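Here is a short briefing on one protein model with a ligand. Look at the sequence and the structure first, then read the points by topic.

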Amino acid sequence: MERTFDSWLSERVTKVKEKGLHRTDIDVNQRKRLVFSSNNYLGLARDEQLIYAAETILHQYGTGSTGSRLTTGNTRWHELLEKKLASFKQTEASLLFSSGYLANIGVLSSLPEAGDVILSDELNHASIIDGCRLSKAKTVVYQHIHMDDLERKLRDAQSHQRRFIVTDAVFSMDGDLAPLDQIMLLAKAYDAYVIVDDAHGTGVLGERGRGASEHFGVKPDVMIGTLSKAVGTEGGFVAGSKLLREFLLNHARTYIFQTALSPSICAASYVAIDLIEQGIETRKSLKLRVNEVKTRLKELGYDVKGDETPIIPVIIGGAEETVSFSKKLQDLNIFAPAIRPPTVPDGECRIRLTVTAEHSEADIIKLINAFKLIKESKVSM
Ligand SMILES: *Cc1c(COP(=O)(O)O)cnc(C)c1O
């Protein structure tokens, strides 16, 4: 029994290896490398004020929350954080989940019903795709940020009971923005509801860091976010009306059947949101740094994608070539991962760089020099 199980697993792992798509866990922080792939955009994950808050509440409440929010897991810090997130996102209410992944699954598996249609951008995050798979509604995928295609598909869906448009606000592998202003107009014209996952925009976009909704000046029906990126902690949330909160609390299975976040994480997140709202200057200098990296890489002749977000994809091409590029960067003491299928399409493998507030001007120079060296070594071959 056991031997067939092992050989079957080994066959499946070998298949991944043969395709050049094998993945391993990495611990970049243990080595003295310059990391250009972190989602800790504002540097909050190591902020002393967050650490102090987490530590204080850790001593008061212990390491775990001990249960679901609906049983023994609820504390004052969960409630305080939810109020904070609602005011941050300028909504009536919010609801915490254990991760952004679970927030997406909870919303999409409960909100759209049988007879409804979910219109989903083709490059949406895996957690949105999984949420759609769990939904009883029909999912229709539209071309990436292609508003004509979305409109066509909205028109085709008019005979259905309800229409939901779901999109990442910032696409995590392309660093581009969904045109939320246009999406809101289409939703109005075709009687649809809008669900936005602002995992990478929260903390980064908008003057106060409220995210894509502030950047575009729009108010989608359902705003999903994560605490694990710019906020620097972990957990996910949904912001919207009080009724939406009540609905999800009663229907979202990933809320009901999940152990609540640890209170210490909630306290640290609470402090983080304050710092984000105050961090206007940090966001300005981050933006300048991102633009500098993009300009310099383009000058070197690299194919750089993305809008004004800290995610900078540099398209290399094939899987092997991209992995080898990432290894060369590592030899030059820079960590930035190769992104390959199935995360991105064949032939569009890329080095995904992220620039954060923790990078110094000297770090940026090292990064650019590494890309320059690799380019030159290729040209001379
Ligand atoms: C990271 C990410 C998630 C998942 O959030 P976690 O809190 O890490 O589970 C969901 N959606 C998008 C777009 C993301 O980038």
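Which residue has its backbone nitrogen 3.2 Å from a polar atom of the side chain of D198? That residue is G201. This is a predicted model, in which local features need pLDDT of at least 70, side-chain atom pairs count only at pLDDT 80 or more, and totals for chains, interfaces and linings use all residues. Residues are numbered from 1 along each chain as its sequence is written, and side-chain values use heavy atoms, with hydrogens and water left out.

- D198 sits in the loop between β6 (192–197) and α8 (212–216). Helices (H or I, at least four residues) and strands (E, at least two) are DSSP runs, numbered from the N terminus.
- D198 is buried, with a relative accessible area of 4%. Buried means under 20% relative accessible area, exposed over 50%, and partly exposed in between (1.4 Å probe, protein chains only).
- Leaving aside neighbours within four places in sequence, D198 is in contact (heavy atoms within 4.5 Å) with residues including K89, R210 and I224.

**Ligand site**
- There are 15 residues around the ligand, and G100, D197, H200, T226 and K229 come nearest. A residue counts as near if one of its heavy atoms lies within 4 Å.
- Helix α4 (residues 100–110) gives the most to this shell, with 3 residues.
- A backbone N or O atom of G100 lies 2.7 Å from a ligand oxygen atom.
- A polar side-chain atom of H200 lies 2.8 Å from an oxygen atom of the ligand.
- For H125, a polar side-chain atom lies 3.4 Å from a nitrogen atom of the ligand.
- Taken alone, the ligand exposes 380 Å², and the protein buries 86% of that. Accessible areas come from the Shrake-Rupley method with a 1.4 Å probe.

**Domains**
- The chain is divided into domain 1 (21–42 + 280–375) and domain 2 (46–278). These bounds come from an automatic or database domain assignment.
- The centres of domain 1 and domain 2, taken over C-alpha atoms, are 26 Å apart.
- Across the boundary, 20 residues of domain 1 are in contact with 23 residues of domain 2.

**Nonpolar cores**
- The largest nonpolar core has 78 residues, of which I165, L297, L353 and F371 touch the most other members. Such a core is a set of buried Ala, Val, Leu, Ile, Met, Phe, Trp, Tyr and Cys residues joined through side-chain atoms within 4.5 Å.
- Helix α11 (residues 263–278) supplies the largest share of this core, 8 residues.
- This core draws at least three residues from each of domain 1 and domain 2.
- A second, separate core of 20 residues includes F97, I195, I224 and V238.

Conventions: A polar contact is a pair of N or O atoms within 3.5 Å; within protein, one must be able to donate a hydrogen and the other to accept it, and residues adjacent in sequence count only if both atoms are side-chain atoms.
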